[in-house]
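Please consult the sequence and the structure while reading.

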Amino acid sequence: MKTVLGLAVVAGLATLASADPVVVFSSDFESGAPAQMGGGGGVEGSQGLSAVGFGSNLWRNDGFSSTTLSLDNLPAHTSLSLKLLFAAIDSWDGIGGSPGPDAFEIRVDGTAVWNYVFASASGSSNYPGAATAAGGYGWNSYNEWVYSLTNEAALTDIAHTADSVRIEFVAVGPGWQGGFDESFGIDNVEVTVDAIPAPGAVALAGIAGLVGLRRRR
């Protein structure tokens with residue numbers, strides 16, 4: 001009986017472990033600025049970037065202050081994951097460029113978890129992922145480079161257990177100028193957590209597993 005019960009609990013826990021992550025924030029900015037977003041920048045039209053994955057709107061930041069995403073009352077969890085589209089807009093200067101280098105950084109509760117240098121005017125980028133050149137639009141005549149940050153290892157399963165989180169998106173580097181010269185855009189931002197089931201859910205899963213084993217017997 002102990003063996004059967006143990007197998008039932010294991011089966012129940014396996015079912016819980018295979019559950020999809022819980023989405024705690026998702027926005028494409030089509031309805032304006034979400035209440036959880038603040039800091040530098042704001043929602044505006046995406047211009048031609050709508051042809052390369054962005055929607056009609058994006059969040060654009062052309063300053064030195066970070067764009068912030070603040071989430072409260074998160075379910076119990078052990079990690080969180082982040083997905084988004086990123087656009088390096090205007091004349092980003094990369095490694096070897098002048099002035100530069102310009103980097104895009106993502107921070108979770110004040111700790112940098114993702115940082116890469118990007119280039120559209122001079123120098124080179126150190127980001128290993130693929131980029132899409134979107135062409136110059138109303139911002140200036142430089143190409144806008146678009147990146148899909150949906151499968152970034154550093155943005156997946158970030159250790160986190162607090163019931164609130166502050167995520168920052170910011171341009172950094174000694175050559176960052178902002179204003180009409182350099183800016184960035186983000187879109188389709190999604191945050192998920194691996195929610196921990198309540199003890200009652202674990203017990204029910206074990207019972208369900210036991211029932212399943214008895215039916216098979």
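A residue is called buried under 20% relative accessible area, exposed over 50%, and partly exposed in between (1.4 Å probe, protein chains only). By this rule arginine 60 is buried, with a relative accessible area of 12%. The model is predicted: local features need pLDDT of at least 70, side-chain atom pairs count only at pLDDT 80 or more, and totals for chains, interfaces and linings use all residues. Residues are numbered from 1 along each chain as its sequence is written, and side-chain values use heavy atoms, leaving out hydrogens and water.

Strands are DSSP runs (E, at least two residues) numbered from the N terminus, and two of them pair if DSSP finds at least two bridges between them. Five strands form an open sheet with antiparallel pairing, in the order β2-β5-β12-β7-β8. Its edge strands, β2 (37-39) and β8 (111-117), each pair on one side only. Within the sheet, β5 (residues 67-71) and β12 (residues 165-172) are joined by five bridges; threonine 68 has glutamate 168 in β12 as its bridge partner.

A salt bridge is a side-chain nitrogen of Lys or Arg within 4 Å of a carboxyl oxygen of Asp or Glu. The count comes to four, including these:

| Salt bridge | N to O distance |
|---|---|
| glutamate 44 and arginine 60 | 3.5 Å |
| arginine 107 and glutamate 105 | 2.6 Å |
| arginine 107 and glutamate 168 | 3.8 Å |

Arginine 107 lies in strand β7 (residues 103-108) and glutamate 168 in strand β12, so this pair ties together parts 61 residues apart in sequence. Glutamate 168 is buried, at 10% relative accessible area, whereas arginine 107 is partly exposed, at 21%.

Key:
Helix = DSSP H or I, 4+ residues; strand = E, 2+ residues; numbered from the N terminus.
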